[in-house]
Amino acid sequence: MKNNERAKSVKTWLLAGIGAGLAGGIAEVVFMAVYGLLTGMSGVNLLNLITYTFFSGTFSFGPFGAVSGLVIHLLLSAVIGIFFGAFIMTWHAVHPGSAIASYPMVAVSGIAALTGVWAFNFYVLLPAINPQFVSYVPSTAAFFSKLMFGFSIGVYGRMLNASKRVIPS
C-alpha cells in the first residue's frame, strides 16, 4: 500500500472512530438522562462532577460547569472512539483474513473495551481524583451506561463501513 493510500486508510479509520465515539458518548448521555428521570438523580450535578474531575469546584459548579461537563464527556468519548478505531484497524492489519468487520465482532469488542474503561475509571482512577463522582453515581448505572456506550461504538455503521472500504496492510 502506498503512503498516500495508507494515510487515507488511517484517516478513514480514525474519522470512523471519532464518529463511533461520539455516538457512544451520546448513547451514554441518553441512558444517564433516562436513569436520572427515573431515579431523581440530577443530570446537571452529574455533568458538574465530570467538570470537577478537571477543574476547580468554583468553575465546575458555576454557570458553565454543566455545559463544560458535557463537552468534556463528548471529547473523551471521541478519544475513546479514536483508540477503538485504531484497535479495529490494527486488528485487520494483523488478521488480514478478517477483511470485513462483522457486527458481532465489533459490538463485542466495543462492549469489552468499554467494560474495561468502566472498571478502570470507577475503581481506580475516579476514586483517586474525584471520589465525589463515584459516591454520586451508582456503579450499576455507570456500568450500564458504559455498556450502552460500548454497544453503540461497536455497531456504529461508519466503523463497519470503514472496514469494507479500506483495509490497511
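1. A term is needed for the next point: a patch is made of residues with over 30% relative accessible area and no salt bridge, and nonpolar side chains are joined to it within 5 Å. The model discussed here is predicted.

2. Leu 22, Ile 26, Val 30, Val 34 and Leu 38 form such a nonpolar patch on the surface, and together they have about 460 Å² of accessible area. Val 30, one of these residues, lies in helix H1, which covers residues 3–39. Val 30 counts as partly exposed because its relative accessibility is 48%, a value between the 20% and 50% cut-offs.

3. The protein chain has eight helices and zero strands, and its pattern along the sequence is α-α-α-α-α-α-α-α. Of its 169 residues, 38% are buried.

4. The largest pocket has a volume of about 750 Å³. It is lined by 31 residues, and those closest to its centre are Glu 28, Ile 50, His 73, Phe 133 and Lys 146. The elements that give two or more residues to this lining are H1, H2, H4 (65–94), H5 (103–129) and H7 (139–155). Helix H5 gives the most, with seven residues.

5. Where is confidence in the protein chain lowest, and where is it highest? The lowest mean pLDDT, 56, belongs to helix H8 (residues 157–165), whereas helix H2 (residues 43–52) has the highest, at 98. For the protein chain the mean is 85, and 82% of the residues reach 70 or more.

Definitions and conventions. Residues are numbered from 1 along each chain as its sequence is written. This is a predicted model: local features need pLDDT of at least 70, side-chain atom pairs count only at pLDDT 80 or more; totals for chains, interfaces and linings use all residues. Side-chain values use heavy atoms; hydrogens and water are left out. Patches are made of residues with over 30% relative accessible area and no salt bridge: like charges are joined within 9 Å, nonpolar side chains (Val, Leu, Ile, Met, Phe, Trp, Tyr) within 5 Å. Accessible areas come from the Shrake-Rupley method with a 1.4 Å probe; for residues, only the protein chains shown count as cover. A salt bridge is a side-chain nitrogen of Lys or Arg within 4 Å of a carboxyl oxygen of Asp or Glu. Helices (H or I, at least four residues) and strands (E, at least two) are DSSP runs, numbered from the N terminus. Buried means under 20% relative accessible area, exposed over 50%, partly exposed in between (1.4 Å probe, protein chains only). pLDDT is the predictor's confidence in each residue, from 0 to 100. On a 1 Å grid over the protein atoms alone, a cavity is a set of points where a 1.4 Å probe fits but cannot get out, and a pocket is an open set with protein on both sides within 12 Å along at least five of seven lines; lining residues have an atom within 4 Å of a point. Grid points are joined across faces, edges and corners, and a volume is the space filled by probe spheres set on the points.
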